[in-house]
Amino acid sequence: MKIIVDAMGGDNAPAEVVKGALLAVEKLGVEVILVGDKNKIEMPLNDKISLVHTEEVIDCDDDPVNSIRTKKDSSIVVGLKMLSEKQGDAFVSAGSTGAVISGATLIVKRIKGIRRAALGAIIPTKKGYTLLMDGGANADCTEDFLQQFAIMGNAYAKALMGVDNPKIGLLNNGVEETKGNEMSKKAYALLKETDINFIGNIEAREILNGVTDVLVTDGFSGNVFIKTTEGTAKFFSGLIKEMLTKNILTKICALILAKGIKNIKDILNSDKFGGAPVLGVNGVVIKAHGSSKAEAFYNAIRQASEFAKKDVVGAIERNI
């Protein structure tokens with residue numbers, strides 16, 4: 001298994017990217033091709049890890065589509081081109097989300113029949129994880145897009161989440177079939193007729209209880225939900241920390257609760273998830289979080305390797 005990794009993407013590149021790649025080579029036995037500026041990367045080269053030199057970097061402030069077309073020697077463009085030419089089995093990047101998705105669509109191309117690629121965000125819940133489709137790639141959607149997001153999410157959940165018959169829900173402002181805007185109502189009707197385990201509308205307050213394996217929505221609502229959840233988690237974490245460090249008695253309580261607190265932190269630790277799969281393109285593309293460190297890059301490479309082995313792209317193609 002050969003994984004192409006953007007060495008220049010993310011807040012902690014290239015140092016943490018290299019550390020994560022070395023971990024992956026050691027623990028997973030995969031080959032890693034790092035793509036980036038050789039003058040900024042310090043790494044031991046061997047038969048399991050190599051470097052392809054590039055001199056340009058796409059910044060988060062760059063226009064995604066324009067930068068893909070103009071920065072031909074950037075780590076994202078070169079890496080995705082290598083993937084499209086089958087020089088590797090998967091591509092991982094913590095760079096600009098817009099550039100990764102635009103590049104995957106323009107260079108790797110969409111699976112035949114797929115109208116829009118989508119970002120699958122992994123959400124921790126009381127019962128495990130929920131795959132949110134779409135996490136931010138498509139702000140404006142039609143009911144047809146949502147139907148395809150459900151089919152792609154269903155294939156991913158079966159292959160990588162180990163769920164035999166994934167429960168698919170539609171994010172809405174009520175559980176009744178008549179709730180929501182016109183697009184939501186039309187999407188509901190389409191999903192009812194699709195060969196998936198559609199369980200109906202899901203209100204946002206129920207998502208973290210793990211009522212669904214795949215949650216379908218447009219990219220605007222999905223991204224708002226993700227960021228609201230992240231902000232709420234940080235807010236309550238801050239309140240709890242403040243409470244437990246207030247005085248000597250609360251500090252003693254914190255010591256007693258230390259194991260439970262660590263378990264909660266582990267559940268919410270995004271570094272353990274790897275990254276968000278870009279589903280709908282004709283290749284394995286994983287978008288890691290921009291703040292990823294070595295553990296997150298390692299898990300993103302692990303996730304990419306499993307994605308490729310389980311042939312999720314082929315499953316989506318067959319189901320579409």
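Predicted model: local features only at pLDDT ≥ 70, side-chain atom pairs only at ≥ 80, totals over all residues.
Reader: Why is the pair Y188 and F198 called edge-to-face?

Author: The structure holds three aromatic pairs, and in one of them Y188 and F198 lie 5.1 Å centre to centre with 80° between the planes. Rings of Phe, Tyr and Trp (its six-membered ring) pair if their centres lie within 6.5 Å, and planes under 30 degrees apart count as stacked, over 60 as edge-to-face and the rest as tilted; the 80° between the planes of Y188 and F198 therefore makes the pair edge-to-face. Y188 lies in helix α6 (residues 182-192) and F198 in strand β8 (residues 197-202), so the pair ties together parts that are 10 residues apart in sequence. These elements are DSSP runs numbered from the N terminus, helices being H or I of at least four residues and strands E of at least two.

Reader: What makes Y188 and F198 buried rather than exposed?

Author: Buried means under 20% relative accessible area, exposed over 50% and partly exposed in between, with a 1.4 Å probe and protein chains only. Y188 has a relative accessible area of 12% and is therefore buried, and F198 at 15% relative accessibility counts as buried by this rule too.

Reader: How do you know that F235 and F236 form an aromatic pair, and of which kind?

Author: Their centres are 5.3 Å apart with 70° between the planes, so the distance is within the limit for a pair and the angle falls in the edge-to-face range. F235 lies in helix α7, and F236, at 45% relative accessibility, counts as partly exposed.

Reader: Which residues make the nonpolar surface patch, and what makes it a patch?

Author: F235, F236, L239, I240 and M243 make a nonpolar surface patch of about 500 Å², where accessible areas come from the Shrake-Rupley method with a 1.4 Å probe and, for residues, only the protein chains shown count as cover. Patches are made of residues with over 30% relative accessible area and no salt bridge, like charges being joined within 9 Å and nonpolar side chains (Val, Leu, Ile, Met, Phe, Trp, Tyr) within 5 Å.

Reader: Why is the contact of D144 and R115 called a salt bridge?

Author: A salt bridge is a side-chain nitrogen of Lys or Arg within 4 Å of a carboxyl oxygen of Asp or Glu, and because the N to O distance for D144 and R115 is 3.1 Å, the pair qualifies. D144 lies in helix α5 and R115 in the loop between α4 (97-108) and β5, so the pair ties together parts that are 29 residues apart in sequence. D144 is partly exposed at 32%, and R115 is likewise partly exposed at 39%.

Reader: How many salt bridges are there, and which others can be named?

Author: By this rule the count comes to eight salt bridges, among them K71 with D62 at 2.8 Å, N to O, and E306 with R302, whose closest N and O atoms are 3.5 Å apart. E306 and R302 both lie in helix α10, four residues apart, about one turn of the helix.

Reader: Why is K86 called exposed, whereas D311 is called partly exposed?

Author: K86 has a relative accessible area of 62%, which lies over the cut-off for exposed, whereas D311 at 38% falls in the range in between and therefore counts as partly exposed. K86 is found in the loop between α3 (75-84) and β4 (90-93), and its phi is near 65°, a positive value in a residue other than glycine. D311 lies in the loop between α10 and α11 and has a positive phi of about 50° although it is not a glycine.

Notes
Residues numbered from 1 in each chain as written. Heavy atoms only, no water.
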